[in-house]
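The stops below go from one side chain to the whole chain.

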Amino acid sequence: MLKKLLKYDLRAIFKYWWILAVSSVGLAMIGGICLRTLVASDSEKTGPIIVIISALGVVATVIGLSAFLIITEILIFVRFYKNFFTDEGYLTFTLPVKRSQLLNSKLITTLIANLATFIVLFIDILLILAIGSPDFFRSEIWQLIGRSLRDCIQYMGAYSFIYLIELIALIFCIALSSTLIFYICITLASVVAKKSKIITAIGIYYGISTVVSFSVELIYIFGIMFVSNAIASFTSSAIMGVAALIVFMVLAFVAALCLALYLLEYYLLDKKLNLA
């Protein structure tokens, strides 16, 4: 049943998303042309109006690509809200499926949509650079980046693969926790507010974000102080192992946070909704 739920959720998102994706690619091409005009501009050969239009085109491209990311997130959370907390929710929660499957479908759909969005944005950036400044890909900066990566891998030694796995897992957990926080805010607003649910959800989100940001800053400050004092006497090879352990502890903390958020969201969906 999860596959069927995924099919409908993905269809609901991507029937609009692909239009945004194609538009972003076209906008990136226009932005690349504008950037190329600016790079090749000569005050004696290129009129000031052309330069101004090109500059505005680059700015519009940046705004448009940012809007692509924001609108994708809006599509995701509007789908979550409409499917669960509007009149459509009465039908959704009468389906012969577990509420965990409903939640899992939404989470998987969100992760897939976000991944697809970042891939398209990466392609957009490459297009802008390829059209706007072809010499950029032949510049010495890539050799410098390559040497820096090789030096970094050599310095980390056997821990380089461990760091890569930890980094991928950490990015995944952070993305999952951010999504769950949004879901919880929408759900709480639907539970506690009869009107202005969207505004209530935004207020709850900012309240939670403030608390989380303050807590993370405290942990970061005291964590840096503790780690700096702890590893001062270690050798370089030992430092890599300790650092990998610290990253693993951070990953474990974020993973535990994801689990707690997931259980809270499931509890709210299963026990606290009043669809009568």
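Select Lys 106, which lies in helix H4, residues 99-132; helices here are DSSP runs of H or I with at least four residues, strands are runs of E with at least two, and both are numbered from the N terminus. This is a predicted model, in which local features need pLDDT of at least 70 and side-chain atom pairs count only at pLDDT 80 or more, while totals for chains, interfaces and linings use all residues. Residues are numbered from 1 along each chain as its sequence is written, and side-chain values use heavy atoms, leaving out hydrogens and water.

Is Lys 106 buried or exposed? Lys 106 counts as buried because its relative accessibility is 4% (buried is under 20% relative accessible area, exposed over 50%, partly exposed in between, with a 1.4 Å probe and protein chains only).

Next, show residues in contact with Lys 106, meaning heavy atoms within 4.5 Å. Leaving aside residues up to four places away in sequence, Lys 106 touches Asp 9, Arg 79, Phe 80, Asn 83, Phe 84 and Tyr 183.

Now select Ile 119, also placed in helix H4. Ile 119 has a relative accessible area of 45%, so this residue is partly exposed.

Finally, zoom out to the protein chain. The chain has eight helices and zero strands, in the order α-α-α-α-α-α-α-α along the sequence. Of its 276 residues, 28% are buried. Among contacts between residues at least 6 apart in sequence, 80% join residues at least 24 apart.
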